Amino acid sequence: MRIAIISHLKHAIVEPFAGGLEMHTHLLATRLRARGHDVVLFASTRSDPATGLTAICDETALMATGVAEATDIAFFREHHAYLRLMSELRRGGFDIVHNNSLHYLPVAMADTLPMPMVTTLHTPPFCWLESGIRLCRAEATRFVAVSEAIRTMWSPIVPIDRVVGNGIDLDRFPYRAVPDADPYLVWYGRIVPEKGLHLAIAAAQKVGLPLRIAGPISDPDYYAEEVAPHLRDAVRYVGHLDHALLSLLIGGARVFLCTPCWDEPYGLVVAEALACGTPVAAFARGAIPTLLDDGSGVLATPDDVDSLATAAVRAMHLARSDSRARAVAICDAETMIDGYEALYAEMCAEMRAKTAAPPMPVPIPEPLASAMWPALAASRPAPANRALRR
């Protein structure tokens, strides 16, 4: 198939990834290309060319923060970039469009496209995307959720066709049967308030083990106020790591602390920790409880540091092989790609059926037509008056 993937524009789709959505989009594009599909990724300028990149805008996170002000340059750059893109896609040339952007314009303009479009919902509803979806009138469009939690959140707004769980490249997060000799806990992800790093720091102190921290500092103010004052030998920030270094850090840890302060839509960081064989202690929020079972992790009461510390101690006694087995069972990227390929094929088949030429009328043989005409003429009601005849 010839597939167009629409990415968000805030960050480049390149390693080291700014977050889970960037990793997901990169994996989707590269795995589809590896299966022989002709994929074009419409993304920001510094994204990885291996994705089949066509750049449509500079990274908007570098321009401004927030979209509350009408004069925000990032808001208008995104708006015009997506408007131009949707106008170009109207010309055709693709079998299907996969919208991964979280922007309102692609869904609001889906009815202008000559090909079907699938939109993956990665987050809980928010005003801009919800507005675009409510305006969507396209028949050849479907919405997919990355988890049952996201399906539940969006179902009152739009019908969700199915759940296609996110996947990871299991080979890039290799299994580590034995952790480092010097025990430590690990936390990694975007360093923002909603990820709850400050709670992981407090829990690690209660457990009495060092904490290693990795990830992009996406909110410098939060980092300066809630993280930096606690940094010392026992609490160390090691930077924003690529997959190779990150997997070494995760695999060497006794437990991964997962501390979302919001309803986590999926939890790719959990999948990565499990793949490395590292058990998880996590707040029971959003989709996290569906990723863990009794052999791979321990759930804690949300926002409760004491509960998280207790969960971490219990998780240290879990078999690392069970964590890896859980990742293989539910988080393999190949399973995710299988799900999207099946959906693409189904939607394209429906489009072909709808656009197929109508069957030609069967001509009535001349003798039969001649015989039918007097009866048909006699059966026609006479006009009520001359005005109607005119």
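Biologist: How many salt bridges does a search of the whole structure find?
Modeller: The search turns up 23 salt bridges, each being a side-chain nitrogen of Lys or Arg within 4 Å of a carboxyl oxygen of Asp or Glu. Keep in mind that this is a predicted model, where local features need pLDDT of at least 70 and side-chain atom pairs count only at pLDDT 80 or more, while totals for chains, interfaces and linings use all residues. Residues are numbered from 1 along each chain as its sequence is written, and side-chain values use heavy atoms, with hydrogens and water left out.

Biologist: Which side chain meets Asp 161 in a salt bridge?
Modeller: That's Arg 142, at 3.1 Å from N to O. Arg 142 is in strand β6 and Asp 161 in the loop between α5 and β7 (162-163), so the pair ties together parts 19 residues apart in sequence. Helices (H or I, at least four residues) and strands (E, at least two) are DSSP runs, numbered from the N terminus.

Biologist: Is Arg 142 buried or exposed?
Modeller: Arg 142 is buried, with a relative accessible area of 12%. Buried means under 20% relative accessible area, exposed over 50%, and partly exposed in between (1.4 Å probe, protein chains only). Arg 142 also meets Glu 350 in a salt bridge, 2.7 Å from N to O. Glu 350 sits in helix α13 and Arg 142 in strand β6, so this pair ties together parts that are 208 residues apart in sequence.

Biologist: Switching to helices. At what angle do α1 and α13 pack?
Modeller: About 70°, with the axes of α1 (residues 20-34) and α13 (residues 333-355) 10 Å apart. Axes are lines fitted to C-alpha atoms, for helices over the stretch in contact, and angles run from 0 to 180 degrees between N-to-C directions. The two helices are therefore roughly perpendicular to each other, a label for angles of 65 to 115 degrees.

Biologist: Which residues of α1 meet α13?
Modeller: His 24, Leu 27, Leu 28, Arg 31 and Leu 32 do, and their partners in α13 include Met 336, Ile 337 and Tyr 340. Contact here means heavy atoms within 4.5 Å.

Biologist: Where's Ser 147?
Modeller: Ser 147 is in the loop between β6 (141-145) and α5 (148-154). At 5% relative accessibility, Ser 147 counts as buried. Ser 147 touches Val 163, Pro 265, Tyr 266 and Ala 287, leaving aside residues up to four places away in sequence.

Methods:
Parallel < 35°, antiparallel > 145°, perpendicular 65-115°, else oblique.
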